[in-house]
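Trainee: I am new to this structure. Could we go through it one question at a time?

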Amino acid sequence: MSRSAPRAGRYRRPLPPIGRYALRVAAVAAALGLWQLLTGLDVDLWLRFSQFPTVTDVAHTFADRLRGADYWTDLTDSLTRIVTGFLLAAVLGVAGGVLVARSRLAEDLLGPLLEVVRPIPAIALVPVAILLFPSNEQGIVFITFTAAFFPVLVSTRHSVRALTPVWEEAVLTMGGGRWRILGSVVLPGALPGIFGGLSVGIGVSWICVISAEMISGQYGVGYRTWQDYTIVDYPGVFVGMVTIGVLGWLTSTTVELSGRRLTHWLPRTSYAAGTRPAQPRTLRPARPAPAAARTDRPSDPEEARDEHLV
């Protein structure tokens, strides 16, 4: 007997939560270990790792910064700028997206202007911010706001336009007005798309606020990172990069968790990579009754022939 062929599409059982977290920690540890190995051995093949500080140098500098007051001042200033600009962008971006998607007049008046300004990088507006605002602090907040505003606006606009009109017609049939449609249909239906734009906006905001702090800031993580670069303090530069990465991850995670909490009523997929999706259970067809127990067929051949003729 020939060996049966292996079943195609084998699936693995998903790892438990503890195993997944351990795998993530191991991946980060492996990356740090590779960094330490390449920089400690001064490897110079095509990339010049001999110019990089080692992990231990960055860790020592990080520990020294944590004991000082300047680090926490920079951290507070950057977070204040991000939160202020991002909240303004969230409110005005959602309001503008809903307005443009629901009103033809607003689309005709604001649509062309927004589409002309949207391709301009927010960091390119730094000279405008310097000329327009009386202080650098307000200019940096403006850059942060501009960076997050357009992703939120575009995502909200597309989400509102994608809503099915049946829901709105149902509210109108039950006597609901414009504000009831907005609160019961438009905003809840567009909420997943809105939070998608917010997730993109918070990441772009960090990129632009760090760049703005490097150009025209006085305090902040970006300003301190640029100052470390000018005085050739490369471990300090990496401390700033790690700080920016951790802050960006924390704020993005906060936005994502908030979106999950506010959209808990949505159906969640149970798919996990490497696992077999759950198949719906089907009822087996009823087993046919024995021939002796069947009463729908005539037992006499003559009766069967007569029935066939009829």
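Trainee: How many aromatic pairs does the structure hold?
Mentor: This is a predicted model, in which local features need pLDDT of at least 70 and side-chain atom pairs count only at pLDDT 80 or more, while totals for chains, interfaces and linings use all residues. Residues are numbered from 1 along each chain as its sequence is written, and side-chain values use heavy atoms, with hydrogens and water left out. Rings of Phe, Tyr and Trp (its six-membered ring) pair if their centres lie within 6.5 Å; planes under 30 degrees apart count as stacked, over 60 as edge-to-face and the rest as tilted. By that rule, the number of aromatic pairs in the structure is nine.

Trainee: Which kind of aromatic pair do Phe149 and Phe150 form?
Mentor: The two ring centres are 5.1 Å apart. The planes of Phe149 and Phe150 stand at 75 degrees, which makes the pair edge-to-face.

Trainee: Are Phe149 and Phe150 buried or exposed?
Mentor: Buried means under 20% relative accessible area, exposed over 50%, and partly exposed in between, using a 1.4 Å probe and protein chains only. On this scale, both Phe149 and Phe150 are buried.

Trainee: Which kind of aromatic pair do Trp226 and Tyr229 form, and where do they sit?
Mentor: Trp226 and Tyr229 are three residues apart in helix H9, so about one helical turn separates them. Trp226 is partly exposed at 38% relative accessibility, and Tyr229 is partly exposed at 45%. Their centres are 5.4 Å apart with 35 degrees between the planes, and the pair is tilted.

Trainee: Which elements give two or more residues to the nonpolar patch?
Mentor: Patches are made of residues with over 30% relative accessible area and no salt bridge; like charges are joined within 9 Å, nonpolar side chains (Val, Leu, Ile, Met, Phe, Trp, Tyr) within 5 Å. Met214, Ile215, Trp226, Tyr229, Val232 and Tyr234 make a nonpolar surface patch of about 590 Å², with areas from the Shrake-Rupley method and a 1.4 Å probe, where for residues only the protein chains shown count as cover. One of these residues, Ile215, counts as exposed at 55% relative accessibility. The elements that give two or more residues to the patch are H8 and H9.

Trainee: How many helices does the protein have?
Mentor: Helices (H or I, at least four residues) and strands (E, at least two) are DSSP runs, numbered from the N terminus. There are zero strands, and the helices come to 11.

Trainee: Which residues does Thr225 contact, leaving aside its neighbours within four places in sequence?
Mentor: Thr225 is in helix H9 and counts as buried at 5% relative accessibility. Contact means heavy atoms within 4.5 Å. Outside its sequence neighbours, Thr225 is in contact with Met214, Val237, Gly240 and Ile244.

Trainee: How far apart in sequence are Glu213 and Arg81?
Mentor: A salt bridge is a side-chain nitrogen of Lys or Arg within 4 Å of a carboxyl oxygen of Asp or Glu. Glu213 and Arg81 form one, with the closest N and O atoms 2.8 Å apart, and both residues are buried. Glu213 lies in helix H8 and Arg81 in helix H3, so the pair ties together parts whose separation in sequence is 132 residues.

Trainee: Which residues are linked with Asp228 in a network of salt bridges?
Mentor: Asp228 is in helix H9 (residues 221–230) and is buried, with a relative accessible area of 5%. Not counting residues up to four places away in sequence, Asp228 touches Gly236 and Val237, among others. The residues linked with Asp228 in the network are Arg65 and Asp233.
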